[in-house]
Amino acid sequence: MLRLTNIKININKAKTHQEETEALRKEIISKLNITEKELIGYKIFKKSVDARKKDVIYFIYTIDVNLNNEQKILKKYSKKGVTETPDMSYEGVPLSAEKMSHPPVIIGMGPTGLIAGLFLSRMGYNPIILERGEDVDTRTLKVNNFWKNGVLDTESNVQFGEGGAGSFSDGKLTTLINDKRCRTILEEFIKAGAPEEILYSNKPHIGTDLLKSVIKKIREEIIHNGGTVRFRAKVTDFIIKDNKIQGVIINDSETLDCQAVLLGIGHSARDTFQVLHQRGVTISQKPFSIGVRIEHPQAFIDKAQYGNFAGHPSLGAADYKLVYHSENGRSAYTFCMCPGGYVIAAASEEEKVAVNGMSKHNRDGENANSALLVGVTPDDFGSSHPLAGIEFQRKWEKLAYEIAGRNYHAPAQLIGDFLSDKPSTQLGNVSPTYKPNVTSTELKNCLPDYVVETIREAILHFDTIIKGFAMPDGILTGVETRSSSPIRINRDENYLSNIYGLYPMGEGAGYAGGIMSSAVDGLKTAEKIMSKYAPF
């Protein structure tokens with residue numbers, strides 16, 4: 001096949017799938033100066049939106065085409081951006097000859113653990129997956145009860161359980177890493193029921209409603225392949241002898257012997273981080289970010305980004321991505337923007353408040369929300385202890401819990417009041433989406449001064465980019481502290497920690513950020529196991 005780039009189609013010529021198909025076919029034939037018969041078929045490799053000019057919006061495509069006389073066309077148009085389609089297939093790694101003495105144990109069933117388990121199970125390794133939380137359906141009931149009644153299950157919540165923290169998110173699949181494995185991961189999600197558009201969308205997402213069924217399908221395949229999945233199986237200790245992993249303790253009562261442990265515990269497994277540190281696993285402090293969620297009416301964001309095309313059936317809900325660099329040396333940025341989404345309660349510890357964002361696949365909620373974060377470094381933690389970043393998070397989560405009423409309500413403030421440095425006493429025209437509820441207050445009482453200062457500056461700066469971003473009735477809800485892991489579990493080029501047989505991986509270990517990079521890191525860790533050992 002041949003690859004064509006920068007194919008532009010006016011949005012009004014692609015209102016339906018049939019219109020888009022016909023417009024692309026005509027554009028390909030015109031660009032290559034070929035006949036209808038010479039075009040055998042085509043596939044969309046990438047699709048994005050160009051809305052820089054609000055009076056005309058284009059879809060921009062990269063297309064892989066199947067032609068008669070491909071070499072002739074390639075020779076003719078090679079200097080005009082036509083290339084051979086690269087091979088994107090997954091090749092895997094050669095398996096070692098050294099047999100394992102025990103099946104590999106995977107701790108955690110987020111994207112990292114799921115994908116590691118999937119690929120290991122296909123190769124006959126019969127992995128054992130230990131998940132401290134519950135299956136995604138039972139977990140969803142627990143989460144909904146927390147959101148409705150403020151009853152927190154510290155082992156089965158937005159952070160812990162089948163699918164990891166990504167199960168309650170926008171299901172974003174964007175990533176900054178450039179790795180062929182990304183396409184492989186997307187193909188696996190599609191096999192498990194995700195929409196095919198994630199393979200070519202410039203900003204792919206599944207949505208929390210569809211993601212749950214995808215997760216279950218992957219779990220079912222792992223079990224079908226010979227793997228074992230155990231819920232409510234919290235690893236409470238590690239058996240280490242002569243600097244080698246020998247086993248794990250489950251729920252303080254059961255011993256499981258093991259030779260290789262893949263550690264995909266997520267960024268909120270603070271108690272497990274503590275145990276690892278006590279057992280001599282080398283852990284380092286890591287920068288992360290904290291801040292708030294900011295909410296605007298989605299209709300306002302659509303109008304700001306798409307002009308008169310807002311609401312066009314081919315566009316969906318608009319998003320944004322903004323960055324600000326302050327003279328104080330700090331930077332603020334929007335993160336995990338959720339079009340048509342919801343601000344959610346994401347606490348995993350008692351008497352703490354943490355927020356996150358979530359969208360369903362259709363992104364049809366009334367509000368848009370995004371994290372608005374400021375970077376923090378180990379210099380801000382106040383201690384050189386490897387786990388000081390965790391205590392830093394807890395400090396602000398505890399304050400948020402206290403100032404909002406000690407009932408898992410979240411502290412909230414109108415944008416106008418936040419900029420004017422005065423407490424909010426009532427809400428305006430934008431209704432907050434956080435459940436169980438919000439308490440109008442002052443966010444400066446649950447955030448560091450430098451974070452408050454930088455966010456204020458950032459909102460005013462973003463208002464020059466998106467006119468009305470600083471709307472007085474917009475909502476700020478705090479606090480967002482779980483943007484990434486506050487620690488890194490050190491590992492070498494073979495993905496081994498200083499404890500032989502212990503493989504830190506994914507976002508919790510400090511090597512990924514988001515569903516895609518976490519899943520890729522899980523696959524790469526599985527490859528390390530395959531290269532080292534033959535199946536048990």
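View 1. On one side of helix α11, D449 and L460 are exposed (exposed means over 50% relative accessible area, buried under 20%, and partly exposed in between, with a 1.4 Å probe and protein chains only). The model is predicted: local features need pLDDT of at least 70 and side-chain atom pairs count only at pLDDT 80 or more, whereas totals for chains, interfaces and linings use all residues. Residues are numbered from 1 along each chain as its sequence is written, and side-chain values use heavy atoms, with hydrogens and water left out. Helices (H or I, at least four residues) and strands (E, at least two) are DSSP runs, numbered from the N terminus. The buried residues of α11 are V451, V452, T454, I455, A458, I459 and F462. Seen down the helix axis, these buried residues fall within an arc of 165° and so line one face of α11; the arc is that of the directions from the axis to the C-beta atoms. Their cover includes β13, β14, β15, β18, α10 and β21, where contact means heavy atoms within 4.5 Å.

**View 2. Strands β16 and β17.** Strand β16 (residues 342-345) pairs with β17 in the antiparallel sense over four bridges; two strands pair if DSSP finds at least two bridges between them. A345 stands opposite V355 of β17. Both faces of β17 (residues 355-358) are covered, with V355 and G357 buried on one side and N356 and M358 buried on the other.

**View 3. Cysteines without disulfides.** The whole structure contains zero disulfides, a disulfide being a pair of cysteine sulfur atoms within 2.5 Å. For C336, the nearest cysteine sulfur is that of C338, 4.3 Å away. The sulfur of C446 is 20 Å from the closest cysteine sulfur, in C336, and therefore too far for a bond. C446 is buried, at 0% relative accessibility.

View 4. A search of the whole structure finds 37 salt bridges, each a side-chain nitrogen of Lys or Arg within 4 Å of a carboxyl oxygen of Asp or Glu. One of them joins E20 and K47 (2.7 Å, N to O). E20 lies in helix α1 and K47 in strand β2, so the pair ties together parts 27 residues apart in sequence. Another salt bridge joins R293 and E480 (2.8 Å, N to O). This pair links strands β13 and β21, with the two residues 187 apart. R293 is buried at 0% relative accessibility, and E480 is buried at 2%. Salt bridges that share partners join R270, E349, E391, R394, E397 and R482 into one network.
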